[in-house]
Amino acid sequence: MTEVSLNQITKKFGKQTVLNDISLQLKPDTIYGLLGRNGAGKSTLLNILTNRIPASSGSVLIDGQTNINNDRVLGKIYLMSEANLYPNRAKVFQIFRQTAHFYSGFDFELAHQLASKFGLNENLRFSKLSTGYRSILKDIIALSVDAELILLDEPTLGLDANHRELFYRELVETYAQRPRTFVISTHLIEEIAGMIENVLLIRDGKLLLDDTAENLLAQSYSVTGPEKEVQEYTAGLNVIGHDNLGKLRSDYVFGQLDEERVLPDTVTVEGIDLQKLFINLTGQTDKEGQL
Amino acid sequence: MQFNFDSSEPLYLQVAKQIENAIFVGSFEAGEQVPSTTEISRDFQINPATVLKGMNILVSDGLIQKKRGRGMFVLEDAQEKIRVKRKDEFFQDYILKMVIEAKSLGLNQDTVISLVERGFKQK
């Protein structure tokens, strides 16, 4: 089990603050969903975790040790991202071997199995792979390395629906057999909603939420009915967004409802899913969406 | 089986209900093994901890039993237990809701009873 903590991580590119004072601890053997809109700072955070770029201030500790130029510690982490770190001429099987130099417990058997399931020809050169198959190659490596912390930055980029489902199935299966920590950053929230145990939500470089999906959904509601009744019912509650259809209105509430208020017959309260919660918490078009 | 992630019902409860229903309709018979946590997790891309939480509800309801190292098995009286439970819930889950809807439609008691009778006559 590996303990990971980020302590007051701030990252600036010139005058722009991309990450602003982020502190968090990753629980062992947990699947995280790292959510945020484009430019929220997700990839920057993952790159800092793996020491691909330095933080402006703050520290990353893996089992109590800094991750800066520390191969022993970095060997416990694998980051799958858009960056292509392989020589164009290298063939798939050579890339597997090369990976095994750094991650000595690389599971060749699993990698071969997965390559065959995904229809990835191991004799192809990296330069010949399509965007989708480049993602697949990196996903296969991510599932086959013996790291304790697997970071997946848009793992399904370029994958069709069948391959995406296959990837999620394989991910869950290897996780069940060998629990470790996954951090999945993706825009396809619906597709991973059932898998993620814990949500990290970044907005404008700040960590807005760090909680279990179950806790978050247990306090997320849609309140739907005639506009006037809905607004009376949700007045003073933490309304994070709304939808209107003529005079029909849905208010989205994050936080506890007021048990004492009488719910009119015309108004219904339902739960919402993670994607709806995300959209409303990160919406920038209106003034709502504040925590 | 299908799981609805939009549902306001927590996923682990949906897992429990789906398996319970499968036992009730006889898809998993008494003494038979139910799919493992890993299989359900993989096939529906649900976190294993969530699936386990759902399974544990069925264990404490006395519907399935864990056999060490072999998996989960349907208990002999599971189907009967579900039947009893559903009978208890029938009034709350169906009758009360029907009456509320009937009232809002302005249907009186006699009309509803005759509709129920018609429903029984239909196959």
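Predicted model: local features only at pLDDT ≥ 70, side-chain atom pairs only at ≥ 80, totals over all residues.
Residues are numbered from 1 along each chain as its sequence is written, and chains are lettered from A in the order in which they are written. Local features need pLDDT of at least 70 and side-chain atom pairs pLDDT 80 or more, whereas totals for chains, interfaces and linings use all residues.

The contact draws 17 residues from chain A and 17 residues from chain B, two residues being in contact if their C-beta atoms, placed from the backbone, lie within 7 Å. On the chain B side, five residues come from H2(B), the largest share.

UniProt (unreviewed entry) places "domain: ABC transporter" at residues 4-229 of chain A; such annotations may be inferred rather than shown by experiment. This span is 35% helix and 30% strand, with its end C-alpha atoms 47 Å apart. Helices (H or I, at least four residues) and strands (E, at least two) are DSSP runs, numbered from the N terminus.

A residue is buried if 20 or more other C-beta atoms, placed from the backbone, lie within 10 Å of its own, exposed if 12 or fewer, and partly exposed in between. Among the buried residues of H1(A) are A:Lys42 and A:Leu46. Just after H1(A), A:Asn51 takes a positive phi of about 65 degrees.

The largest nonpolar core has 97 residues, and A:Tyr32 is one of those with the most contacts inside it. Such a core is a set of buried Ala, Val, Leu, Ile, Met, Phe, Trp, Tyr and Cys residues joined through C-beta atoms within 7 Å.
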